Amino acid sequence: GYSRFRLFGGRVPGKMKGPAIFNGTCYLVGSIMFIVASLFFHPYFSVDDLLYKIGVILFVAGSTFYLIPAMQDWLAYYNSLCRFSPTFSRSFSAASTNTDVDEPLHDHLDKDSSAELERLAVNISRSSASVLNGVLFVVGSVAYWPGFGRSGVVVGNWLFRMGTSMGVMSTCWAFGRTFTSRMSAKSMETIGHLRALYVTAIFGSGGFLLGGAFFLAGQAAPGAIAWAAGSVFFTMSSCIQLAM
């Protein structure tokens, strides 16, 4: 869940470039790792200490594969904002000389600059949520290591739930913008695939929220199954992204 899908970040669907392919591949690999890790958390497998530890390691690795592209997106948007800064600075200077101090700064930006600033603000906000999501999942995965005992399991569960909540917020935000943002005719050709991608990601996050609730209630079997199901939805969304 995520700043994974960059229709509003400069990539035109159907013309994936190197960074987009790299990001999609990272999410796909991470999702597959989540499926295996979730199954190893099922009581049938987790009674074996080695399999449980492998599950934890896979969760840490999978979360890292999610974090890397999220950070890359954030840096890309930040660099775009830095390149936009000269235009913004000139507008700010013009505004500072205006005697009407109550007049909003955005009134001094031309239409294209205002739209670009808004786009960057939205994408940086979403990618920040995605980075936080990845960090929470990495730390939460480490907390599941057997050496941290029962307290680590509880902390890890809540960190997963918090990270998933950030992912849901980010993805729902992006999904909503597919109905409100202006798009070219070429973008509209693939908008159905984009919405399917967001919906499957939301279902994936729902699986992790449900699974976390089961684990907190002491029902590890349905919890692991819910996590695995959510990971399957994440895998589907990653495949859709790579196919666009």
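Arg119 is placed in helix α4 of this predicted model. With a relative accessible area of 22%, Arg119 is partly exposed, because the buried class covers residues under 20%. Along the chain, Arg119 and Tyr77 are 42 residues apart, and their C-alpha atoms are separated by 9.5 Å.

Helix α4 spans residues 111–143, and the loop between this helix and α5 (149–180) contains Phe148. Is Phe148 buried, exposed or partly exposed? Its relative accessibility is 47%, so Phe148 counts as partly exposed; the exposed class would require a value over 50%. Phe148 also contributes to a nonpolar surface patch, together with Ile57, Val142 and Trp145. The area of this patch is about 370 Å².

The aromatic rings form a further topic. How many aromatic pairs does the count give? The count comes to 25 aromatic pairs. One of them joins Phe41 and Trp227, and this pair is tilted. Phe41 lies in the loop between α1 (18–40) and α2 (43–46), while Trp227 belongs to helix α8 (residues 220–243). The two residues are 186 residues apart, and the pair therefore links distant parts of the chain. Trp227 is buried, with a relative accessible area of 0%.

Trp227 takes part in another pair, with Phe208. The planes of these two rings stand at 20°, so the pair is stacked, since planes under 30 degrees apart fall into that class. Phe208 lies in helix α7 (residues 191–216) and Trp227 in helix α8, so the pair ties together parts that are 19 residues apart in sequence. The geometry of both pairs is set out below.

| Pair | Centre to centre | Angle between planes | Class |
|---|---|---|---|
| Phe41 and Trp227 | 5.9 Å | 50° | tilted |
| Phe208 and Trp227 | 5.7 Å | 20° | stacked |

Phe41 has a relative accessible area of 4% and is buried. Phe208, at 2%, is buried as well. Both values fall in the buried class because they are under 20%.

A contact of another kind involves a charged side chain and a ring. Where does the charged end of Arg161 sit? The charged end of Arg161 is placed over the ring of Trp158, at 4.8 Å from the centre of that ring.

How values were computed
Residues numbered from 1 in each chain as written. Predicted model: local features only at pLDDT ≥ 70, side-chain atom pairs only at ≥ 80, totals over all residues. Heavy atoms only, no water. Patch = residues over 30% accessible without salt bridge, like charges linked within 9 Å, V, L, I, M, F, W, Y side chains within 5 Å. Areas by Shrake-Rupley, 256 points an atom, 1.4 Å probe, with all protein chains shown as cover. Salt bridge = Lys/Arg side-chain N within 4 Å of Asp/Glu carboxyl O. Helix = DSSP H or I, 4+ residues; strand = E, 2+ residues; numbered from the N terminus. Buried < 20%, exposed > 50% of the residue type's maximum accessible area, 1.4 Å probe, protein only. Phe/Tyr/Trp six-rings, centres within 6.5 Å; stacked < 30°, edge-to-face > 60°. Lys NZ or Arg CZ within 6 Å of the ring centre and 35° of its normal.
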